[in-house]
Amino acid sequence: MIKYSGALILSLFVCASTMEARAQERIKIAYSSADASNTVWFLAADAGLYRKHGLDVELVFIQSSTMSVSTVVSGDIHVANTSGGAVASAVVGGANLIMTACYINTLPYELIVQESVRSAEDLKGKSVGISRVGSASDVAARVLIKGLGLEPVKDVPIIQVGGPSERAAAFRTGRIVGFPSPPGTIHLAKGMAHRIMISTADFQKRFDFPYICSTTTKPYLTTNRDTVRRLTMALIESTHFLKTRKEETKRAIAKYTRQNDPQYLEASYIANVKLHDRVPLVTREGTEVQIKEALARKPGATLRVEDMVDDSIVRELDKSGFIDKVYK
């Protein structure tokens, strides 16, 4: 029998650990909201799926898609979760961005209003709060207001107030009479009198919208395509984890949202299982709508879907059988 000294064993262990560390590529990614719609991004970290695909991920929380877009453009973040509206606005303004995959391709929002607002007429002339112009909450507010037969801004003023907590505070103080909110979130508003006036779930046809999307710069995708591919694989596996591992997923939602309300966790989980796409292609129809909105704010500019969308990695993974294998 060959005997190894303690020093040799330690040396071999350190060497193996060093090789593993080198095999893990460092990448900084961001998610834009601490709500359940971003679950696959932080779930992939907790479930070890990034590391499984050779990525040493630094996961950063940056509030709102518009701010995430800025950090990608600056190079501070390699890949961020953003909405198509924020990307379209940035690209029209000259940003060199590209969406590579979308895990949610619809807009899951409700319009929460004060109890006194009983009809569309009651909403006229009163303000609805959003995070930032061009954000998903901005798009949601406009879509929901139009769904009531009203004109955004003209009939119902839309004002920037910040993230979910700031919107809730503005709602409590009466600064705004309503705000768009992801499904389930209102369960956290203990003691806050409200009613859900309209939801995108009420629409007869799904409102296509590139909502939870991986976004990077075109140069980064060109020079780091394999990195983006492995990140996409990890997020596809995370989506499967979400759909099949309920209790673990709810624990992750509770951890990152810092909320333990049972109703919120259950409602958020059920909604997101339905919302997340198995094959995360970017909705063309939804992207075209966001391009139209962005161009309306910048007369004379031009923009096509292919200028801001390249989901060829998703198509390759689907064709190779990777996604089918994940879902076996």
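1. The structure holds one cavity of 30 Å³ or more, and the model in which it is found is a predicted one. On a 1 Å grid over the protein atoms alone, a cavity is a set of points where a 1.4 Å probe fits but cannot get out, whereas a pocket is an open set with protein on both sides within 12 Å along at least five of seven lines, and lining residues have an atom within 4 Å of a point. The volume of the largest cavity is about 60 Å³, where a volume is the space filled by probe spheres set on grid points that are joined across faces, edges and corners. Rolling a probe the size of a water molecule over the atoms shows where empty space is left.

2. Some conventions should be kept in mind while reading: residues are numbered from 1 along each chain as its sequence is written, and side-chain values use heavy atoms, with hydrogens and water left out. Since the model is predicted, local features need pLDDT of at least 70 and side-chain atom pairs count only at pLDDT 80 or more, while totals for chains, interfaces and linings use all residues.

3. Which residues line the largest cavity? The lining consists of Asp35, Ala36, Ser37, Pro182, Pro183, Thr185, Tyr264, Ser268, Ala271, Asn272 and Leu275. By class, six of these are nonpolar, four polar and one charged, where Ala, Val, Leu, Ile, Met, Phe, Trp, Tyr, Cys and Pro count as nonpolar, Asp, Glu, Lys and Arg as charged, and the others, Gly among them, as polar.

4. Helix H7 (136–147), helix H8 (164–173), strand E8 (178–181) and strand E10 (208–217) each supply at least two residues of the lining, and H8 gives the most, with five; helices (H or I, at least four residues) and strands (E, at least two) are DSSP runs, numbered from the N terminus. The lining of the largest pocket divides into 16 nonpolar, 17 polar and three charged residues.

5. The second largest pocket contains about 310 Å³ of space. Its lining has 16 residues, with Thr106, Pro108, Thr200, Ala201 and Leu275 nearest the centre, and helix H12 (residues 262–275) gives the most to this lining, with three residues. Nine residues of the lining are nonpolar, three polar and four charged.

6. How many disulfides does the structure hold? There is one disulfide, a term used here for a pair of cysteine sulfur atoms within 2.5 Å, and it is formed by cysteine 102 and cysteine 213, whose sulfur atoms are 2.0 Å apart. The pair links distant parts of the chain, since cysteine 102 is in strand E4 (residues 97–106) and cysteine 213 is in strand E10, 111 residues apart. The torsion about the S-S bond is about 100°, so the disulfide is right-handed. Cysteine 102 has a relative accessibility of 0% and therefore counts as buried, which here means under 20% relative accessible area, with exposed meaning over 50% and partly exposed in between (1.4 Å probe, protein chains only). Cysteine 213 is buried too, with a relative accessible area of 0%.

7. In helix H4 (residues 65–74), the buried residues include Ser65, Thr66, Ser68, Val69, Thr71 and Val72. The buried residues of H4 pack against strand E3 (79–82), helix H5 (84–92), E4 and E10. Glycine 75, which follows H4, has a positive phi, near 90°.

8. A search of the whole structure finds seven aromatic pairs; rings of Phe, Tyr and Trp (its six-membered ring) pair if their centres lie within 6.5 Å, and planes under 30 degrees apart count as stacked, over 60 as edge-to-face and the rest as tilted. Phenylalanine 171 and phenylalanine 179 form an edge-to-face pair, 5.2 Å centre to centre with 80° between the planes, and both residues are buried. Phenylalanine 207 and phenylalanine 209 form a stacked pair, 6.5 Å centre to centre with 20° between the planes.

9. Isoleucine 236 is placed in helix H10 (residues 225–244), and at 1% relative accessibility it counts as buried. Leaving aside neighbours within four places in sequence, isoleucine 236 is in contact (heavy atoms within 4.5 Å) with Tyr103, Pro280, Leu317, Phe322, Ile323, Val326 and Tyr327.
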